Structures are given as structure tokens and as C-alpha cells.
Amino acid sequence: MGKILLLTRREVVSYFVSPIAYVAMALYLVISGLIFGLFDFHSGAPAAMRSIFDVMMIILMFVVPIVAMRTLSEERRSGTLETLLTAPVTDVQVVAAKFLGTWLFYLAMLAPTLVYVVLLGAFGRPDYGPIASGYLGLVLLGALYVAVGVFASSLTSNQVIAAVVGFVILIMLALLGPWISTILPSDWHGIPWRGIVQQASAKSHYTDFSQGVVDATHVVYFLALALYALFLTVKVLESRRWR
Amino acid sequence: MAAMIEVEALSKWYGRTLALDRATFGVEKGQIVGFLGPNGAGKSTTLRILTGYLPATSGRASVAGHDVLLESLAVRSHVGYMPENVPLYGEMRVQEYLRFRAGLKDVPSARRRAAVERVIERCWLKDVRRRLIGQLSKGFRQRVGLAEALVADPPVLILDEPTIGLDPAQIQETRRLIRSLGGQHTVLLSSHILPEVERTCSHLVIIAAGRIAAAGSVEDLRTGLAQRHRIILEVRSTSAADGPAEMARALGQAAGVASVQREDAGDGWTRLIIFPAAGSDPREALFGVVAQRGWPLREMRWQVPTLEELYVEITAGEAAATAAKGAA
């Protein structure tokens, strides 16, 4: 545990000295600020953050892979992966720290959006319940996105490829429900394909949070999928042993 | 003396390429061993296996009594490793990086500051301790790498090409530092330049094309080479009957001579290379033959091959073997 903290600390510090992280953070805040201003924050609109929460799912699909792309691919490219993995630390500790470091940076990126809550509170009387559950949804969604980003980063020494692979996986996860499921048969040989694909989609699990519903199924979905992505990342690191 | 590094019949395949072919050698406690071989001979592969970064395809290896595959973490906490080209985090400061690595290597937090202080002193990093690693010159980066390997005071140090890319003054300093580590630390360092390791190391392991070609102390290797001495004679014939062939035949029959090679030295002189039988010194007998025939003699020289020649011979033999393999 001590080593995970040490590695996580290094990870977080390295984010705050890396220009690309600030660029991604600025991009995220500008776009989400615009969306908030246009759709949620004008007179007559309900004092809620539903549309911004829904749109954030899409913005983060692009921003998080850019933030996470350097985690392992940069180590691989510069050769520091060799010094890291020949130190007395396990592959699991390394991956856990990469995830935690990036996730903490993600949370730091999310923090300035709390200003929206303050603004809504100043000019209206918002219902704080759905806002709190929406943020819980974002925190969980971020865990999944970051885990996928770290996984994509473990596959290659090229950061651009890592980011693109990250987008593609996240887009697949998001599109699975609303689009792909419509072309699938609802029942074929006794197996409910459409229902299965809808359940696998990130969107169908995410939207409930912004509506104020906290369902344990959704929480389990995000945590389990994030853990699975991290498990695959550990396997990719271990694959140097048998490749 | 206990063996700190033991390598037994270690082989490594990269796909269909054999990088390491049943390599066997040992390093005893306190020795400084040079791991010598041309580029691509399998040096880095061996070192990566020893540090647990890569597994071997077959064979076994142990460091400080721990198997590199089964007890990888124990091995890693006993080894300070400096990979080739010294990968470092450019965005960290020297002191900050060394503290971080000391923590990773289980130096208790109470002793971390002192440990870092010690290696900063030892590797002449005082002036750059607050500089960003990314802005340092190659020589300083190399020193940071060495300091990092030393920071947890490990019993075994594995250094991959520690002096490559340094200027002559830095090479001298690094050599002196490595020599001062002998005794308390066991050091295995790789290089492709013989004079480099000859001056730093007490023992050599020579590897070529994935095979261990020679291993032993520098003294033993030299003594072994002395057994392969030869005598060079330059003689001119005075009559047509005594051609170079006749000279070689006559000298070949002298007592204590195993074989003779001849080559033309120009102006009617013939150079004869005499390989003595094991343990014999045929110089007097050779002189007898030359004096009896009345051949003018302008040189008789006793030649012991140098380590350099042995190394060139090994690497040239390997080059010839690869060429033959390519042709086949």
C-alpha cells in the first residue's frame, strides 16, 4: 500500500507539470462551460444540471483518453518501464497507481465545475439530490474511462495511438446501447440479445444518475468494468514475460 | 566465497531468434566482473533476465541466492540495476527522483534523506541536485542512473554499459567509482570495449553470439593466453635448394615444435611462425637449425597474444560464423 501511494504521488505530480494535462483540462472546462451556459443556465430553465451531465459523458470520452494516454506508453517509449518494473514493486501496484493517479487528476479536473452548482444556488432554488447523484455518476464514469485509457496506454509506446484506441473503446461502449442494440433481434434462439447489449452499454447505466436515481446495478457496472480493464492492463504488462 | 550470481544453461529465444544459447557463468561475492561482448551478443538480454525484467526460455539463474523467476521480488530488492541508455523521468528533479526511488526500494523513510545524501555525494551530483533531470547532460544523467542503482545500498549491482557516451574524464571518474564499490558490492557490468573492462574488473565473462566464449579472472585469462605463445622468425635462404618450403620443413623438425606457418616477408626474406608444443621452449633448437644451415637470421621474437587479440579472435570467429550461416 505504501508503494502504491508513493507511485500515485509521483503520477499526480507529473500530471501537474505536464502541459498536455492542462490543455485537456482547459478543453474540458471550456466545452462544459459553454454547454452549461447555453442549455442549463438561463432564465426560465429549471435549476438543474441534467443536460450538462448528459453531455459530459460525450466530452469526457475524448478528454479522458488524452489525459490517460501517457501513463504507460510514455514509460514504454522512454524505457523507464524497465527501471520501474525491475524495482521491487509488483505489476498490480504499478497499474493501481497509474489508475489512481489519473483518476485523482480527473477529479481535480471535475472540481471547478462545482462553480455551476454555486451559480444555480445563487440564482435559483435547485434540487441538490439529483446534482449530488449526477456527480456520483461522473465519479464512477471517470473510473471506467480512466481504466480504459490506462489499458489503451499499456498497449503501445505511441501516445497518439493510445488515445485513439481509448476513444474507440469508449465510443463502442457508449454506442452499444442506443444504436447497436436497435439492429439486434430482441430474442433469438431464446437469448435476449438486445437486452444484453443494452445492459452492457455505459449510457444506459449512466443516465439514471443525472435523473437522481442511484441504483446499485449501475454502481456495480462501472466498478466491475473498470476493474476488468485494469486486470487486462496487468495482463498486458505481464505479457512481456511470454511474448 | 558465496556465488552472488549464478547462471546455468540459460537460453532465450525472441520468436525464432536465439539471443542466448545455454549460457553458464558465476559471479562471486565482492567481485567486479566485466561482461564483454560485441553489440547484439546477448549482454543486455542476460542482464534483463537477471534483473527479472524478462524471463528466460530455459535454464535457471539466481541472484543473491534467490531464483530470478520464482523469487523475482526478492531478487529485485537485492539488485541495483542501471539499464542501457539510463532511462529517467525528465520532469523530476535529481534529488526528488532519488528520494522516490529510495522509497520504491524499501529504504525506510527515516533513512531516506541520508541515503540520498550519500549517493549524491558519492556520484558528484551536489551541484545539480535541484535541476530537472531532462535538462542534464549525458554525463550527469549517467551519474544519476548510477546514484539510483546505489541508493538502497544493494549487495549486487548490474550496470549495462555504464560508461558509454561519456567523455574521457567522466569515464575515469566512473571507473574509479566502480572500482571503489568492489569488496562490499558485487558488480556485473557490461561493455563492448575490452580496455574499458580490463581496467575496472578483476574478472571477465566474454560472450559472443549468445554463447559464453571465455570466463575467468583477468590473470587466469592472461596465463591461458601465455600457453598460446608463438615464435616469429625471419630468415633468408642463401641457395636455391633451401626454399621457404625446405625452411619450414627443417624448422618443423626441431625439438619442441608443434607446427610451422610461413609467409613471404619480401626481399627474399621468409617469415616463419612457429607454434611450440605445450610447455616447451624451442628457441635454442631453432637457433641450432638456422646456424647449422647458415641461413641469415634478422629476427627471432617471442610473442604472447594479448587479451585484445583473443577478444578480436572470438568476435571475428562469431562474425565468420554468422556470415557462413547467412550464406547457407
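In this predicted model, Arg262(B) has Leu272(B) of E13(B) standing opposite. The two strands concerned, E12(B) and strand E13 (residues 269–276) of chain B, run antiparallel and are joined by 8 bridges. Both belong to an open sheet of 4 strands, whose order is E12-E13-E11-E14 (chain B) and whose pairing is antiparallel. Strand E12 (257–266) and strand E14 (297–303) of chain B are at the edges with a single partner strand each, so one side of each has no neighbour in the sheet. On average, neighbouring strands here are turned by 20° against each other, direction ignored.

Helix H9 (residues 244–252) of chain B packs on this sheet and touches strand E11 (230–236), E12 and E13 of chain B. Helix H10 (residues 283–293) of chain B lies across E11, E13 and E14 of chain B.

**Domains of chain B**

The domain assignment divides chain B into domain 1 (3–225) and domain 2 (229–303). Between the C-alpha centres of domain 1 of chain B and domain 2 of chain B there are 49 Å.

**The mixed sheet**

Another open sheet of chain B has 6 strands in the order E6-E7-E8-E3-E9-E10 (chain B), and its pairing is mixed. Its edges are strand E6 (79–82) and strand E10 (211–217) of chain B; each has a single partner strand, so one side of each is left without a neighbour in the sheet.

Which residue of E8(B) is the bridge partner of Phe35(B)? The partner is Ser190(B).

Helix H1 (residues 43–50) of chain B lies across E3, strand E7 (156–160), E8 and strand E9 (203–208) of chain B. Helix H5 (residues 138–150) of chain B also packs on the sheet, where E6 and E7 of chain B are touched.

| Helix of chain B | Strand | Angle |
|---|---|---|
| H1 (43–50) | E7(B) | about 150° |
| H5 (138–150) | E6(B) | about 165° |
| H9 (244–252) | E12(B) | about 155° |
| H10 (283–293) | E11(B) | about 10° |

**Pairings of strand E1**

Strand E1 (residues 3–14) of chain B and strand E2 (residues 17–28) of chain B run antiparallel and are joined by 8 bridges. In this pairing Glu6(B) stands opposite Gly26(B) in E2(B). The hairpin of E1(B) and E2(B) has 2 residues between the strands, and Gly15(B) in this hairpin takes a positive phi near 60°.

E1(B) also pairs with strand E4 (residues 58–63) of chain B, in the antiparallel sense and over 5 bridges. Here Ser11(B) stands opposite Ser58(B) in E4(B).

**Contact between the chains**

How many residues does each chain give to the contact? Chain A gives 18 residues and chain B gives 20 residues. On the side of chain A that touches chain B, helix H1 (2–16) and helix H5 (80–85) of chain A each supply at least two residues. By residue class, that side of chain A consists of 6 nonpolar, 7 polar and 5 charged residues.

Notes. Residues are numbered from 1 along each chain as its sequence is written. Chains are lettered from A and ligands numbered from 1 in the order in which they are written. This is a predicted model: local features need pLDDT of at least 70, side-chain atom pairs count only at pLDDT 80 or more; totals for chains, interfaces and linings use all residues. Two residues are in contact if their C-beta atoms, placed from the backbone, lie within 7 Å. Ala, Val, Leu, Ile, Met, Phe, Trp, Tyr, Cys and Pro count as nonpolar, Asp, Glu, Lys and Arg as charged, and the others, Gly among them, as polar. Two strands pair if DSSP finds at least two bridges between them. Axes are lines fitted to C-alpha atoms, for helices over the stretch in contact, and angles run from 0 to 180 degrees between N-to-C directions. Domain bounds come from an automatic or database domain assignment.
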